[in-house]
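Dear colleague,

Below the structure you will find what was found in it, residue by residue and element by element.

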Amino acid sequence: MGSGTIRQVARKRTRERAEGSPSFEVTEAKLYRPPIRQGIVRRNELVERLRDSDAASVVTITAPAGYGKTTLLAEWAERDRRPFAWVSVDESDGDPVVFLGHVVVALDRIERIDPQVFEAIGSPTGATPGRVLSRLGSALSTRTRPFVLVLDDLDRLAEPLVMDAVTTIAGSIPNGSLLALAARAVPSIGLPRLRADGRLIEVGVEDLALGPPQAYRLLRGAGVRATRAEAAELADATEGWPVGLYLAALSLQEQRRSTLPPIRFNGDDRFVVDYVRTEVLARLSRERQRFLTRTSILDRLNGSICDAVMERSGSARTLESIERQNLLLVPLDRQREWYRYHNLFRDVLRAELARREPEAIPELHRRAADSFESTGLLEEAFVHAHASGDGERAAELLQRMGLAYYRNGRSATLRRWLDLLGEDLVARNGGLALMAAWIAALNGDPVAADRWASAADHLPLTGPSFLGSASLRSAAAMVHATMSRGGAEAMYQAAQLAVREEPASSPFRASALAYSGLATLIRGDVEAADALFAEASEIGEKSGGMTAASLAFAERSLIATSRGDGPAADEYAQRARSMVHDAHLDEHITTGPVYAASARAALRSGDHQQARAELSAAQRLRPILTWGFPTISVQTRLELARVDVGLSDIAGARTLLAEVDEILTHRPDLGVLTTQAVELRTHIGSVRSGRSPGPSTLTTAELRLLTFLPTHLSFREIGARLFVSPNTVKTQAISIYRKLGVSARSDAVQAARDLRLLEP
Amino acid sequence: MRALSGCNERPTSEGTAAMAKHEDALRCMALGDERYVKDVLAMQLTNVDASGLDPKTHALVRLGALIALDASQSSFQWNASTALASGATVDEIVGVLIAVAQTVGLARVASAAPAVALALGYDIDAALEAHDEGERIISAERR
């Protein structure tokens with residue numbers, strides 16, 4: 001499967017980012033525009049309609065399988081002057097990084113896309129869809145050449161967050177360009193609005209069904225001698241269903257029959273299965289039938305994988321001949337190396353395999369897994385290993401995939417695979433339990449993170465480290481240090497273990513040193529902590545460990561502040577801040593203290609506006625600064641509360657302190673931070689606050705909801721994505737409106753944007 | 001769908017503007033929008049200084065009144081935010097419910113408890129549906 005990497009594309013335009021070398025696998029097959037096959041009936045009128053689509057932004061082509069949606073798109077692409085960016089959607093697009101990555105690459109091949117967008121996608125902390133989308137949105141609106149972006153097979157996209165991305169794209173298409181969607185059912189992406197504005201073109205079954213003249217042409221094109229009357233009869237019998245007509249043509253060609261059983265599409269796929277089995281498969285040799293059914297377990301096939309599955313040779317030639325004879329196979333590249341089965345037939349063939357040889361299926365999957373693994377395609381190997389019922393093997397493969405996927409921000413994929421493996425299997429594998437804990441924590445789910453971390457405590461740690469550290473033991477130690485589950489002393493011990501295990505100049509050593517520093521700091525030894533932070537920042541900068549370096553500088557800044565050394569504090573804060581900016585760490589957990597240090601520096605110099613800006617940036621981090629990362633979360637909030645006090649915003653400080661208290665109920669032993677929280681609360685307890693609650697009193701849950709307000713989603717749909725009841729959403733929304741001083745959703749969005757609580 | 005306008009905009013023409021105005025007025029009353037209350041209803045939102053009470057006590061006393069009046073969710077919401085912002089703790093807010101129970105009666109307290117809970121971020125309805133302690137914790141965490 002030909003693949004380039006997104007990093008390679010980005011590398012041509014931006015300087016290399018030092019931390020690791022994330023590379024995003026571009027699956028070329030997904031971007032390949034299928035060629036127009038021989039004997040296809042041309043649909044001139046429809047194509048004309050699509051070509052003259054000046055007023056429209058979105059085209060939907062909606063019809064059941066076998067109506068020729070992809071073919072129509074391919075024909076239109078050939079005859080339209082505009083360049084086409086083509087993305088064939090599949091299950092891997094459930095990961096926003098995969099979906100958006102391929103969309104961006106496809107668009108980039110037409111007209112250069114801002115490198116910033118690539119950087120955002122390849123970000124090691126996992127692309128936050130919000131950020132990527134807003135950058136993609138602005139990239140789209142700055143296109144100079146009109147284009148058409150095709151998303152084929154949209155129904156294979158189940159993930160709501162990714163569907164939201166499609167809606168956003170639909171809303172950002174510039175004039176003269178189009179988003180074309182092909183699906184079996186009308187996608188729910190806010191189409192009514194587009195329809196009302198006259199910006200939607202809809203192509204459906206009525207448009208795609210073939211009439212008598214077209215049926216005649218199709219039959220002639222397939223080499224069948226039929227009269228126009230016979231063709232008309234057939235068109236009537238099939239109600240113009242192209243695949244039905246095509247199957248009929250195949251049948252007629254081989255059998256010279258003049259009448260056929262009626263083959264309408266009646267909406268029931270089982271009917272199609274029966275028909276294909278009796279009218280198509282039955283006419284093939286037994287050997288060919290076995291080839292088709294057995295290789296149908298593969299989503300994408302080439303000669304050598306088929307050889308492995310069938311335990312024979314020569315499959316490449318077999319595939320070529322199948323493709324020549326009929327339309328069951330769709331080529332996925334120009335070299336005719338990779339194919340896939342036409343959707344309709346793949347389902348039929350699989351059903352047939354399950355009917356004929358159910359006991360053979362696990363073995364077939366095992367062979368496929370072997371073959372994929374030997375060529376290094378671990379994701380496919382994993383899917384087949386799991387399908388073969390070999391959970392242990394699948395678990396081992398996932399552990400190996402972990403590092404590359406984590407680095408490329410594909411934690412959504414990892415989470416999906418972990419779910420697929422199932423809790424029992426993950427709970428038996430130390431490396432995977434640790435991975436699950438870490439991903440859960442990064443996604444703001446401290447309950448699950450704690451549960452998985454506890455599971456990992458009792459398990460042996462063998463296998464590769466998904467973090468890329470020297471060993472899994474070292475990774476475990478770092479996760480434990482970051483999650484501070486055992487209190488300040490345990491945090492220190494864990495961090496020191498990682499320090500000892502890591503090679504002298506690795507970025508992970510820098511991280512371990514930074515966390516040692518934090519542990520030392522909360523134990524009350526400021527001098528020693530400062531020394532550790534100094535070392536961490538130095539090694540971090542040299543080795544490309546930017547998260548560690550920026551965190552260390554921020555901590556040094558805060559220490560300098562506590563000593564009254566303003567100039568040093570300002571300098572460290574500045575360095576931390578520019579590192580965050582250059583390395584795109586804006587939404588990383590370690591950036592909390594950086595914003596806090598910058599805010600305090602701004603306050604010191606009297607720049608209240610800047611202080612508020614830094615506060616707002618930090619607010620966006622609050623949803624992931626949970627008790628999953630207690631030390632950083634508490635420290636950041638305490639520092640931000642101090643800034644609030646400096647800005648006379650007592651209510652804001654109180655909001656932050658309330659959250660600190662909540663974190664402390666889960667993790668009470670945080671050394672000096674615990675006492676500092678009490679002191680701060682006492683200090684402001686006596687201060688009168690005259691103003692009514694404003695934006696700084698937005699709770700973390702309200703901030704989470706805020707990010708959904710700009711979308712088209714209803715409160716109920718938002719509740720479904722946030723796993724809360726619609727009642728809660730409504731209450732929180734009202735609270736948000738009040739705190740922002742507005743009474744309408746769009747005003748709330750605008751106010752939040754003005755306050756930089758949302759991306760513009 | 002007509003765009004919603006603010007609570008204090010002046011009508012520019014008759015007819016539809018008059019209709020728009022009443023919708024906005026109702027919405028603003030439901031939300032307790034500050035500007036509307038001050039400008040149109042001509043009411044003083046808070047009389048903290050005049051009362052001589054500190055802000056926290058003021059908010060907690062008003063909460064007692066709201067409970068007695070069987071107020072709407074929106075009123076409890078705003079009151080809770082104000083109380084928290086003035087330094088009240090969650091326990092103190094719940095303490096008010098306890099304090100007034102004998103005076104306002106059990107029925108009022110039972111009716112007010114879910115509303116106060118929701119204002120503090122705890123969805124009792126969702127918790128009743130939860131299968132186990134873990135889920136109940138999650139519904140409380142989502143504050």
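A:Ala601 lies in helix H32 (residues 592-604) of chain A, where helices (H or I, at least four residues) and strands (E, at least two) are DSSP runs, numbered from the N terminus. A:Ala601 is buried, because 25 other C-beta atoms lie within 10 Å; a residue is called buried if 20 or more other C-beta atoms lie within 10 Å of its own, exposed if 12 or fewer, and partly exposed in between, with C-beta atoms placed from the backbone. Once its neighbours within four places in sequence are left aside, A:Ala601 is in contact with A:Ala569, A:Asp570 and A:Ala573, a contact being two residues whose C-beta atoms, placed from the backbone, lie within 7 Å. From A:Ala601 to A:Ala611 the separation is 10 residues in sequence and 7.9 Å in space, C-alpha to C-alpha.

Please keep in mind that this is a predicted model, in which local features need pLDDT of at least 70 and side-chain atom pairs count only at pLDDT 80 or more, while totals for chains, interfaces and linings use all residues. Residues are numbered from 1 along each chain as its sequence is written, and chains are lettered from A and ligands numbered from 1 in the order in which they are written.

Leaving aside neighbours within four places in sequence, A:Gln635 is in contact with A:Pro593 and A:Leu673. A:Gln635 and A:Gln676 are 41 residues apart in sequence, yet 9.4 Å apart in space, C-alpha to C-alpha.

As for the layout of chain A, the assignment gives domain 1 (3-208), domain 2 (212-265), domain 3 (472-691) and domain 4 (700-754); these bounds come from an automatic or database domain assignment.

Strand E4 (residues 84-88) is mostly covered, with 4 of its 5 residues buried, and E4(A) pairs in the parallel sense with strand E5 (residues 148-152) over 5 bridges; two strands pair if DSSP finds at least two bridges between them. Along this pairing A:Ala85 stands opposite A:Leu149 in E5(A), and A:Ser88 has A:Asp152 as its bridge partner. E5(A) is largely enclosed by the rest of the structure, because 5 of its 5 residues are buried. From E5(A), A:Val148, A:Val150 and A:Asp152 point one way and A:Leu149 and A:Leu151 the other way. E5(A) also pairs in the parallel sense with strand E6 (residues 178-183) of chain A over 5 bridges, and there A:Asp152 stands opposite A:Ala182.

Helix H12 (residues 228-238) of chain A has A:Ala231, A:Leu234, A:Ala235 and A:Thr238 as its buried residues. Seen down the axis of H12(A), these fall within an arc of 100°, so they line one face of the helix; the arc is that of the directions from the helix axis to the C-beta atoms. H12(A) is followed by A:Glu239, whose phi is positive, near 55°.

The largest nonpolar core has 159 residues, and those with the most contacts inside it are A:Ala436, A:Ala437, A:Ala495 and A:Ala514; such a core is a set of buried Ala, Val, Leu, Ile, Met, Phe, Trp, Tyr and Cys residues joined through C-beta atoms within 7 Å. A second, separate core of 75 residues includes A:Val41, A:Phe147, A:Leu210 and A:Leu234.

Finally, chain B has 9 helices and 0 strands, and buried residues make up 28% of its 143 residues.

With best wishes
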